[in-house]
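Me: Hi! Could you walk me through this fold before I set up my run?

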Amino acid sequence: MVVVLAGGVGAARFLRGVVRVVAPEDVTVVGNTGDDIDIYGVHVCPDLDIVTYMLAGVFDEERGFGIIGDTHGVMDELAKSGADTWFALGDRDLGVCAGRTKLLGDGAELHRVAQGIAQHFGVRVRMLPMTDAPVHTVVETQQGEMHFQEYWVRHRANIPALSVRLEGVEAALPAPGVLDAIARADAVLLAPSNPVVSIGTILQVPGIREALVETRAPVVGVSPIVGGRVMRGMADKLLPVVGAEVSAPGVAALYVDFLDGFVVDEQDAARAAEVEALGMRVAVTNTVMDTPERAEALAKETLALAQAVRA
Ligand code: FO1
């Protein structure tokens with residue numbers, strides 16, 4: 001069984017490759033829920049949904065979120081009534097979130113709800129949120145504190161960020177199954193997701209980082225840096241906030257206590273030796289997943305590195 005720690009689009013693309021190499025039933029996703037937001041009366045789980053929609057083959061690649069071909073009747077009506085619709089939820093996407101909100105309101109745990117949604121979409125990987133507890137990432141900026149989505153979507157990360165914290169994490173426990181999956185895995189992979197607000201958030205849930213240190217499984221990450229820059233998203237704005245350099249060794253150093261291997265993009269080959277000097281094995285390859293075939297090749301390369309560090 002392979003465990004993949006996952007954020008949004010980068011992780012979803014990577015997982016699309018992983019399930020071409022490993023049977024989906026043998027893949028457990030531990031998804032970031034720090035981005036989750038309550039808005040328009042519903043509970044949105046962007047990263048879990050992005051992964052689910054991508055694996056279901058219904059992801060809207062052009063927008064980078066939501067369901068392909070979705071309509072926007074609800075947002076249009078909301079806008080007419082004067083509501084600020086800065087966070088664009090398509091009609092079907094809203095329906096998914098409304099269903100989730102109803103079940104959570106009835107007392108269901110998020111990991112059960114997430115698994116149910118994945119199943120409705122025909123997704124056969126095991127989808128686990130990092131925690132069932134309500135947590136969310138708060139960004140402290142020069143204009144005050146705000147929810148991560150306000151910073152990311154409304155302000156497009158254009159306000160200087162001073163610090164990032166995960167509200168509610170002290171009382172959070174890993175979702176049932178997360179620690180067990182990490183302990184029993186044949187390999188644990190870190191998707192090329194944002195090291196601060198996706199992977200970094202998952203690592204803050206009490207017990208998860210310790211489980212990664214202790215597991216007998218090889219733990220291998222994929223660098224989200226390509227040519228000294230982030231591939232997508234705005235991690236270049238947030239890495240300096242945690243004192244990390246925007247580079248492959250800068251990201252690897254954040255995981256140095258548990259990482260056995262790191263896959264670095266060929267454009268960053270010159271920095272591979274610095275990653276190795278941190279005490280981990282390195283594979284250098286093309287990490288740009290512009291096609292499902294490229295994602296599959298990257299998944300194969302990452303799993304081969306996991307095999308190699310175990311040997
Ligand atoms: N990202 C945007 O840039 N603008 C949006 O209006 C937006 C809406 C949205 C709705 C549902 C959903 O699941 C994701 C959505 N995202 C949107 C993406 C998301 O906010 C971020 O990209 C992730 O949180 C980062 O992983």
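What follows is a short chat about the sheets and helices.

Reply: Happy to! This is a predicted model, where local features need pLDDT of at least 70, side-chain atom pairs count only at pLDDT 80 or more, and totals for chains, interfaces and linings use all residues. Residues are numbered from 1 along each chain as its sequence is written, and side-chain values use heavy atoms, with hydrogens and water left out.

Me: Great. Which order do the seven strands of the open sheet take?

Reply: The order is β5-β2-β1-β9-β10-β13-β14, with parallel pairing. Strands here are DSSP E runs of at least two residues, helices are H or I runs of at least four, and both are numbered from the N terminus. Two strands pair if DSSP finds at least two bridges between them.

Me: And why is one side of β5 and of β14 left without a neighbour?

Reply: β5 (126–129) and β14 (281–285) stand at the edges with a single partner strand each, so one side of each has no neighbour in the sheet. Neighbouring strands of this sheet are turned by 20° against each other on average, direction ignored. Angles run from 0 to 180 degrees between N-to-C directions, using axes fitted to C-alpha atoms (for helices, over the stretch in contact).

Me: What joins β2 to β5?

Reply: Four bridges, with β2 covering residues 27–31 and the two strands running parallel. Thr28 has Arg126 in β5 as its bridge partner.

Me: Switching to helices: what does α1 touch on the sheet?

Reply: Helix α1 (residues 9–18) packs on it, touching β1 (2–6), β2, β9 (187–190) and β10 (219–222). Contact means heavy atoms within 4.5 Å. The direction of α1 makes about 165° with that of β1.

Me: Is α1 mostly covered or exposed?

Reply: Mostly covered: 10 of its 10 residues are buried, where buried means under 20% relative accessible area, exposed over 50% and partly exposed in between (1.4 Å probe, protein chains only). Among the buried residues are Arg13, Phe14 and Arg16. The cover includes α2 (46–56) and α13.

Me: Where does α13 lie?

Reply: Helix α13 (residues 292–310) lies across β1, β9, β10, β13 (261–265) and β14, at about 160° to β14.

Me: Nice. What about the open sheet of three strands?

Reply: That one has the order β7-β6-β8 and antiparallel pairing. Its edge strands, β7 and β8, each pair on one side only, and the twist averages 25° from one strand to the next.

Me: How many bridges join β6 to β8?

Reply: Six, between β6 (residues 136–141) and β8 (residues 161–167); His136 has Glu167 as its bridge partner in β8. β6 also forms a hairpin with β7, with two residues between them, and Thr141 stands opposite Gly144 in β7.
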